[in-house]
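Keep the viewer open beside you and take the points one at a time.

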Amino acid sequence: MTVTFLGMPADRPFPRNAARAVRNSQLRFNLRKATRTIRARRASVVAEAPDWAELREAGRAIKEHTLRNLDRYLVQLEEAVTAAGGHVHWAADAAEANRIVAGLVKATGETEVVKVKSMATQEIGLNEALREQGITAYETDLAELIVQLGDDRPSHILVPAIHRNRAEIREIFSEHMSGWGRPAPGDLTDDPAALAEAARLHLRERFLKTKVAISGANFAIAETGTMVVLESEGNGRMCLTLPRTLISVVGIEKVLPTWRDLEVFLQLLPRSSTGERMNPYTSMWTGAVEGQEFHLVLLDNGRTRVLADEVGRQTLRCIRCSACLNVCPVYERTGGHAYGSVYPGPIGAILTPQLRGMGSELDRSLPYASSLCGACYEVCPVAIDIPSVLVELRARARHPWAERAGMAAAGWVFERSGRLARLQRAGGRLRGLVPRRLPGPLAGWTDTRDLPEVPKESFREWWDRTDGGRR
Amino acid sequence: MSSRDLILTRIRRALAGVPDVEIPRAYRGPSTASTAGGSPGSATGGVSGRPDDRARPSGETTVPPGARAEVSGEGTGASGETTRPSDEPTEPPGETAEPPGARIRLFEERVGDYRAVVHVVNEADTAGRVARSLAGRGARRVVVPAGFPSEWLTDADVEALADDPPLSAVDLDGVDGVVTTCAVAIAETGTIVLDTGPGQGRRALTLVPDYHLCVVRAAQIVAGVPDAVARLDPRRPLTWISGPSATSDIELNRVEGVHGPRTLEVLIVT
């Protein structure tokens, strides 16, 4: 199986990452505050929509229908974008997408690009690939800027710097802005408004002079060839509007059949994502507009493999709202870095191992990064049954050898009643010798659980001895 | 095999034998009035598949005089914000029997929720309100896109900059603001949508300046998102604006004003 790159190294399993993360009390405080704030906001604007259940059902069905006819809609999208003066490229994996984008940037003769926050370009590690080609990519979303300046990794789909508080952000700006362009003001405070103002000043000049922009897209309409980007700050509009060349890297699952389908998703996404009735800015453009050159790069990078999976394919309905992260008790305590992928939280726990395959210990451990409480399924605007996919993936992952050996032994014992009886008798006699903590690899089980008390005799022995309690 | 063919082949192999699904659309759809123009999906032919006057319908007659007086922000002081109804959520309007006044009030309230400045004025007072808003802002050099009704600027003491020849991004960074009309407005979400039609100009005009004054005619306000989608033409570049530029990236605190206009002022003309 080819290895799909997902923008982050996958060297340690989730439990080890999580154990380290939960010891960071600052991180836990930041996460708790942020996830609670956004949860309350989402709940209030969702409760306000009288037809939320119907919108969610339509959203689920539109995405399911799209995936069922994905080949047809992609070809239709390609035709529409081309007819409107855009250029369409197809990338089977991350390396090919990076090659295409680097080639397009080089063809313009530019060595600097501005970027709109995009999960797809993070997934393929585009910034690093461009750097190897001598091209500097400037992130313009405030949170992405914080991550880039801090030489950090994103930890949330919507708010990549959710693990940072205002004091940490002030420090990052003061120390690192000068290395990337206009320095932060000397008297910068940690007031969020002052920090946002510093980002505005830092990026203003860059927006006005940069000739190439790279974006993703939230939706691509097959019928009309229209691309849709939702954002808040206006950095997206700057990148989509001012540069001469625009390159959008879009996963193949982002296509929607018709223009009308937006009436559903423009209601589902903002309320689920930022907890607003509508996000401040949504840009829509069809092909090459206002004299701009437009390139669309359609990205597979493991998606067709997910599509082939009967249970797992619903994962591709995801619209990257991050509502599942914000309600997840596991995410709230471990944060996003523990998931070792640009896709953290419950959706990451099912998307990452499917895109990347379950070759590494981390990817095999991700389906267990859940208590199966089901809150993620409940808030998902396209009704992805995340718990069911988690359980399915757990069954598929290769289990640790100790567990497999234990299960094989148990199978052997339960196969014959005589074996079970002999083992129970032996257990009853040796019960004084059972340790409170199991040795070796079995310790993982007793670390978080008490061993059940071993009874003196089994039920069958008791029955034989007392004739069912009559003696 | 090209990557295009490879991907399409993988998709077809993945989907062999998978049944299709029906799409239930039981949610609140567009009200009948706003679908009259037909859907862009059915529109064929050239770019002008829909009535050109949609950007400025003559809406005055749709608002009864009583409602007009009731929603007017004028006469109670120049500051429109103070006349907004309370922040209590208003029941979203029904789809057909809803009085226009209620829709205007909902739009006004929802735009205000984003901390945009909102005023409701009647046609006769519009020029005066525009002039006061620009003066209040201290705006001297203001971009006025082609097609912006000149009668709305008669009272304003400003240097009106036309985008002809096109202003550079640096030019736009140096102006005090921009005045525009809009293509459609959405009551339930407090959104205005620009489609670069008459009075709106190309996209950069409403992006680079720090102040945006948008004049919305009451008849352009539709009930919900489906109504707006039905009215808009995707072949035009569209910008949906819900309040001033904002971010929630720092501890999820909403801060108004990052890269887009930090002040959005909306005038509703009844």
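1. A word before you start: this is a predicted model. Please read the points below with that in mind.

2. Begin with the overall layout of chain A. Its two domains are domain 1, covering residues 20–303, and domain 2, covering 403–466. Taken over C-alpha atoms, the centres of these two domains of chain A are 54 Å apart.

3. Next, look for helix α12 of chain A, which runs through residues 262–273. This helix has twelve residues, and the distance from its first C-alpha to its last is 16 Å, close to the 16 Å expected at 1.5 Å a residue.

4. How many residues of α12(A) are buried? Twelve of the twelve are, so the helix is largely enclosed by the rest of the structure. Among them are Leu262(A), Phe265(A) and Leu269(A), and also Glu263(A) and Arg271(A).

5. Follow the chain just past the end of α12(A) and you will come to Gly275(A), where phi is positive, at about 70°.

6. Now move over to chain B and find strand β10, residues 246–250. This strand is mostly covered, with five of its five residues buried.

7. Which way does β10(B) pair with strand β11 of chain B, residues 253–256? The pairing is antiparallel and is made over three bridges. Within it, Ile250(B) sits opposite Asn253(B) of β11(B).

8. Finally, look at the turn of this hairpin. Two residues lie between β10(B) and β11(B), and in this hairpin Glu251(B) has a positive phi near 55°.

Note on methods
Residues are numbered from 1 along each chain as its sequence is written. Chains are lettered from A and ligands numbered from 1 in the order in which they are written. This is a predicted model: local features need pLDDT of at least 70, side-chain atom pairs count only at pLDDT 80 or more; totals for chains, interfaces and linings use all residues. Domain bounds come from an automatic or database domain assignment. Helices (H or I, at least four residues) and strands (E, at least two) are DSSP runs, numbered from the N terminus. The expected span of a helix is 1.5 Å times one less than its number of residues. A residue is buried if 20 or more other C-beta atoms lie within 10 Å of its own, exposed if 12 or fewer, and partly exposed in between; C-beta atoms are placed from the backbone. Two strands pair if DSSP finds at least two bridges between them.
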